[in-house]
Number of protein chains: 4
Amino acid sequence: MTDSARWHSAITSIQPNEIRLRGYRIDQLMGGASFADTVYLALRGELPSPGVSKVVNAVLVSSVDHGVTPPSALAARNAASTGAPLNACVASGVLAINRYHGGAVEGAMEFFMREVDRAMASSVNLSDAASQCVARCRSEKVRVPGFGHRIHTDDPRSAKLFEVASETGNFGEHCEFSRHFRASLARELGRDLPINVDGAIAAVLCDLGFTPDVANAFFVISRVVGLVAHSSEERKRERPMRTIDQSRCTYDGPAPCDITNGE
Amino acid sequence: MTDSARWHSAITSIQPNEIRLRGYRIDQLMGGASFADTVYLALRGELPSPGVSKVVNAVLVSSVDHGVTPPSALAARNAASTGAPLNACVASGVLAINRYHGGAVEGAMEFFMREVDRAMASSVNLSDAASQCVARCRSEKVRVPGFGHRIHTDDPRSAKLFEVASETGNFGEHCEFSRHFRASLARELGRDLPINVDGAIAAVLCDLGFTPDVANAFFVISRVVGLVAHSSEERKRERPMRTIDQSRCTYDGPAPCDITNGE
Amino acid sequence: MTDSARWHSAITSIQPNEIRLRGYRIDQLMGGASFADTVYLALRGELPSPGVSKVVNAVLVSSVDHGVTPPSALAARNAASTGAPLNACVASGVLAINRYHGGAVEGAMEFFMREVDRAMASSVNLSDAASQCVARCRSEKVRVPGFGHRIHTDDPRSAKLFEVASETGNFGEHCEFSRHFRASLARELGRDLPINVDGAIAAVLCDLGFTPDVANAFFVISRVVGLVAHSSEERKRERPMRTIDQSRCTYDGPAPCDITNGE
Amino acid sequence: MTDSARWHSAITSIQPNEIRLRGYRIDQLMGGASFADTVYLALRGELPSPGVSKVVNAVLVSSVDHGVTPPSALAARNAASTGAPLNACVASGVLAINRYHGGAVEGAMEFFMREVDRAMASSVNLSDAASQCVARCRSEKVRVPGFGHRIHTDDPRSAKLFEVASETGNFGEHCEFSRHFRASLARELGRDLPINVDGAIAAVLCDLGFTPDVANAFFVISRVVGLVAHSSEERKRERPMRTIDQSRCTYDGPAPCDITNGE
């Protein structure tokens, strides 16, 4: 018999009738913490401050769904169409979240961290650092992750995320750098190439002290919600084995509405 | 060229610079709705009332993680140990959420709905219906889903979930039936076989008007958080290709603590 | 520490410098058995006779690929298009092999076994049994799995598979029943509804003594080959994140050719 | 409506009643080509010569299974234990085939190709090139992929694969280099660090003209067979949700035997 090694986990402790996530009783969290706070707790090891809680919540809400065209939604629907159970549809969708879809957050986090570190190390202010970086990227023909979008010329999620970060005192150096970078880029290009939601999430996560290795975690956790909705809708509304042509889909859900209670 | 059919989706509408989930602008949701509310919105098509919001939040928090022994956590760690990227680890974990792990919610929902419907149809009160049901289950040797747990003799998550449901006015007939059923079962067996978290979630979701087909959705959405945490920890703390012996893992995370701000 | 139970596996024994699959040294199999034989050995526990070997080979070759339209091929390409590694593309494709795609073999095996058993039990010859079965299916409006195809009016793989089975003495009762059933069906419907490759594989596997639980095994093992080819081609020939419209694909591979050496 | 682009595939052409893989009618392949040949055809675009056919067959047979300890087998069994359908078990297993498990073939191919190219470019014979390479790897403390095994001190699959390659005239420069490299390594280390099956497959695939991007393809196609066997056995022999302790498994399959008919 092989003698397998002792090992440790810092996530959850299980005792009979007592489950603790990162030290907190899960039944206490069930009434006393939001789902977004619990995500933060699970990934970070501590509960967020009220301000950070709002930012994390906004990040998670921002990426829940983006309609039927993203490859992850198509993958989930394609699997559902063959009769796959819900978990297999979701798994199939998650497998389509990679470098070119959802993966830009990680690259953008690495980019922002590297550039802000460089500016700090050479005592250059972020505005100048951004200008120099734009020039460098252009001369090296590097494609910067997190800017531009195939549909949105000004991604409403990015603006809102920065607003929430700002209001809660979490608009730090990385957000600041991204703002200067966008401005420098616009001056250089002669047109605005706005920051997309991946870029905005990346800047915000950097300022919250996250490292790039959990970048995709937020996108995956958030988008799983949309994958469940698409899998479920495909199963209920469509016949099996249909040809799923994303360009022929029309929205027929609830009419435009606003959150009324101000919450 | 095949003429693929027109089709519809009621989930998300995408216009340049305007993304609406079930009618709501996603940037408005980012500041004005919790992640749990947004999950409810995505699955149900409308925002929850404040009371329902609390129940849904408690359901999602309850199932975030249960340590290293569940097959889904082992699957995620096993994949991580071979060098899989985060999304493949999560997908592998999700593929281990089936009938025998996480799948009890669906069976329990069907059971509670059937029994409560039966009681209604024959105008039997829920207490008597539960007694009759226990007798029937015993004579037919049917194993009822949602009761008993291999570790917890009184699952703290179940009690808390019913408490939240009760406080918010969402403790309806299905929760009531589950309470009577547990009492009848204890009388018959001569010992308490408490309702587990799957059973409690099932009763609560029935009372919220959900149908069994989305039962697993909540578990999957919630547990993905734990799967991310395990995948990430495995990658950071352990060497590749180790033998993962679940019985040799010790918790070494934060010490027991309480939520202090009463939030 | 939990005392986990001893358990057994009858598949492969591993000793230093000696690997035995179902008793055979794998290095001996490497020169002395075909890949198809080894598949049979792994699933069945013994090497096939030369005749059975030919049938199993034909089954495995028959389902290697069916172009870009099957959901499993689309799933693999969709994942590849997002930058997924090869194994994730294949996994995504495999997750799209379900009840409505590739899953007909299992249903058809159950159908053929039940009907042949019924005929045996009541000493009815297979021709009469088939007629009665067609009548019963029509009156009960049961859809019989394994007959008809959305593209092929006479699936060339079915004819060839029966030919190989016949030539090698493996055309047994289940194949025979399927032949009578097709004939009865044609008389009843007034038009031929030919057996498709799933139906033919099902009949042949029944006659080889396989049980329905491994029905999908053959399809999965075989189709993985095509999934690899599609994933690889997508990565090499197409740009990431393109819209994959199956109806706009044209074949541009090798021109029609024949196996020349009569092998 | 988006105008999706025309595209091409060189794998399979589908016409009513005519399916051609890389130009060959699939029903002709069903009788006239082995499954291993068809794998080669699908990946390479042409049928192999008889000699290459034997090598490809040996490669595919070599990796079919390696018992219950590899992460891919554990993943498949873990999923099966939760009640997952066969395809989800296989997908879960495939997701555990990565850099540290099954992935060494790709690294070893890149290594052998680079070193042989370097030797050619500088007109150094392969024996001297291997000596220089060993010295360089040691001074740079580079871990060379494809050598050494946690269980086998002399992997029987490697020896057999080289034997088949040699007998069929396919033992080329890359195999030759690997032989010299092993010898140089033994001289330097003072002990033999034999080439493992991944290394041998890598050398052989290089000599057959494959590029590293399909390296994993062979392992995945081959190992799927074992994953099916493990998933199936787990479902038939074990109770759901058991603790799967790989160190407590004993082989109880067929007794050691030999291929008798000389086939």
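Buried, here, means under 20% relative accessible area. Keep that cut-off in mind. And note that this is a predicted model.

Start with helix H5 of chain C, residues 86-94. H5(C) is mostly covered: 9 of its 9 residues are buried.

Val214(C) sits between helix H10 (197-207) and H11. Is Val214(C) buried or exposed? Its relative accessibility is 6%, so Val214(C) counts as buried. Now look at Leu43(C). Along the chain, Val214(C) and Leu43(C) are 171 residues apart. Their C-alpha atoms are separated by 8.1 Å.

Next, chains B and D. Take helix H4, residues 71-81, in each. The two axes come within 10 Å and cross at roughly 160°. That angle is over 145, so H4(B) is roughly antiparallel to H4(D). The crossing is left-handed.

Which residues meet there? From H4(B), they are Pro71(B), Leu74(B), Ala75(B) and Asn78(B). From H4(D), they are Pro71(D), Leu74(D), Ala75(D) and Asn78(D). By class, that contact has 6 nonpolar residues, 2 polar and no charged ones. On spacing, an α-helix has 3.6 residues a turn, so residues three or four places apart point the same way.

How values were computed: Residues are numbered from 1 along each chain as its sequence is written. Chains are lettered from A and ligands numbered from 1 in the order in which they are written. This is a predicted model: local features need pLDDT of at least 70, side-chain atom pairs count only at pLDDT 80 or more; totals for chains, interfaces and linings use all residues. Side-chain values use heavy atoms; hydrogens and water are left out. Axes are lines fitted to C-alpha atoms, for helices over the stretch in contact, and angles run from 0 to 180 degrees between N-to-C directions. Helices (H or I, at least four residues) and strands (E, at least two) are DSSP runs, numbered from the N terminus. Angles under 35 degrees count as roughly parallel, over 145 as roughly antiparallel, 65 to 115 as roughly perpendicular and the rest as oblique. A crossing is left-handed if the near helix is turned anticlockwise from the far one by less than a right angle, and right-handed if clockwise. Contact means heavy atoms within 4.5 Å. Ala, Val, Leu, Ile, Met, Phe, Trp, Tyr, Cys and Pro count as nonpolar, Asp, Glu, Lys and Arg as charged, and the others, Gly among them, as polar. Buried means under 20% relative accessible area, exposed over 50%, partly exposed in between (1.4 Å probe, protein chains only).
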